[in-house]
Amino acid sequence: QVQLVESGGGLVQPGGSLRLSCAASGSIFSINAMGWYRQAPGEQRELVATITSGGSTNYADSVKGRFTISRDNAKNAVYLQMNSLKPEDTAVYYCNAAVVTGWIRPYWGQGTQVTVSS
């Protein structure tokens, strides 16, 4: 009974910015790591950025310097600020969270579409 819901996707021009949000709800004791992944048409899902409960971050090389991941533990939320967007950033972006209930297990959101095009 855990649900992750993403929001903030849309259509932007190259060089533009978007801020993605993900909020987790349900039977949550705590959340360990959270992250953002993306999947472009015809491609496998890939990691974009992760953040631990203590705030340590990790980024894919392709987004370093352009994207910033952050979280609000009190709200069980994670965010992805995306700047200087490129057409190759076009993908469905998925939120992921390692949720502690009785066990620790990963949950995924349904995804939000990001399209970067003129």
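**Reading strand E3 and its surroundings**

Modeller: Strand E3 and strand E8 (residues 77-82) run antiparallel and are joined by six bridges. Two strands pair if DSSP finds at least two bridges between them. Strands (E, at least two residues) are DSSP runs, numbered from the N terminus. This is a predicted model, in which local features need pLDDT of at least 70, side-chain atom pairs count only at pLDDT 80 or more, and totals for chains, interfaces and linings use all residues. Residues are numbered from 1 along each chain as its sequence is written, and side-chain values use heavy atoms, with hydrogens and water left out.

Biologist: Which strands make up the open sheet, and in what order?

Modeller: Strands of a sheet pair through backbone hydrogen bonds, either parallel or antiparallel. Here four strands follow the order E1-E3-E8-E7, with antiparallel pairing. Strand E1 (2-7) and strand E7 (67-72) are the edges, each pairing on one side only. Neighbouring strands are turned by 15° against each other on average, direction ignored. The axes behind that angle are lines fitted to C-alpha atoms, and angles run from 0 to 180 degrees between N-to-C directions.

Biologist: How many bridges pair E1 and E3?

Modeller: Six, in the antiparallel sense. Gln3 has Ser25 of E3 as its bridge partner. Val5 has Ala23 of E3. Towards E8, Cys22 stands opposite Val78.

Biologist: Which residues does the disulfide join?

Modeller: A disulfide is a covalent bond between the sulfur atoms of two cysteines. The search criterion is a pair of cysteine sulfur atoms within 2.5 Å. Cys22 is joined to Cys95, S to S 2.1 Å. The link is left-handed, with -80° about the S-S bond. Distant parts of the chain are linked: Cys22 lies in strand E3 (residues 18-26) and Cys95 in strand E9 (residues 91-100), 73 residues apart.

Biologist: Are Cys22 and Cys95 buried or exposed?

Modeller: Both Cys22 and Cys95 are buried. Buried means under 20% relative accessible area, exposed over 50%, partly exposed in between (1.4 Å probe, protein chains only).

Biologist: Why does Ser21 count as buried?

Modeller: Ser21 counts as buried because its relative accessibility is 18%. Ser21 is found in strand E3. Leaving out residues up to four places away in sequence, Ser21 touches Val5, Glu6, Ser7, Trp36, Val78 and Tyr79. Contact means heavy atoms within 4.5 Å.

Biologist: How many aromatic pairs does a search of the whole structure find?

Modeller: A pair of aromatic rings is described by the distance of the centres and the angle of the planes. Rings of Phe, Tyr and Trp (its six-membered ring) pair if their centres lie within 6.5 Å; planes under 30 degrees apart count as stacked, over 60 as edge-to-face and the rest as tilted. The search finds one pair. Tyr37 and Trp108 are edge-to-face, 4.9 Å centre to centre with 65° between the planes. Tyr37 sits in strand E4 (residues 30-39) and Trp108 in strand E10 (residues 104-108), 71 residues apart. Tyr37 is buried at 19% relative accessible area, whereas Trp108 is partly exposed at 35%.

Biologist: Which charged end sits over the ring of Trp108?

Modeller: That of Arg45, 4.7 Å from the ring centre. The criterion is NZ of Lys or CZ of Arg within 6 Å of the ring centre and within 35 degrees of the ring normal. Arg19 places its charged end over the ring of Tyr79, 4.2 Å from its centre.
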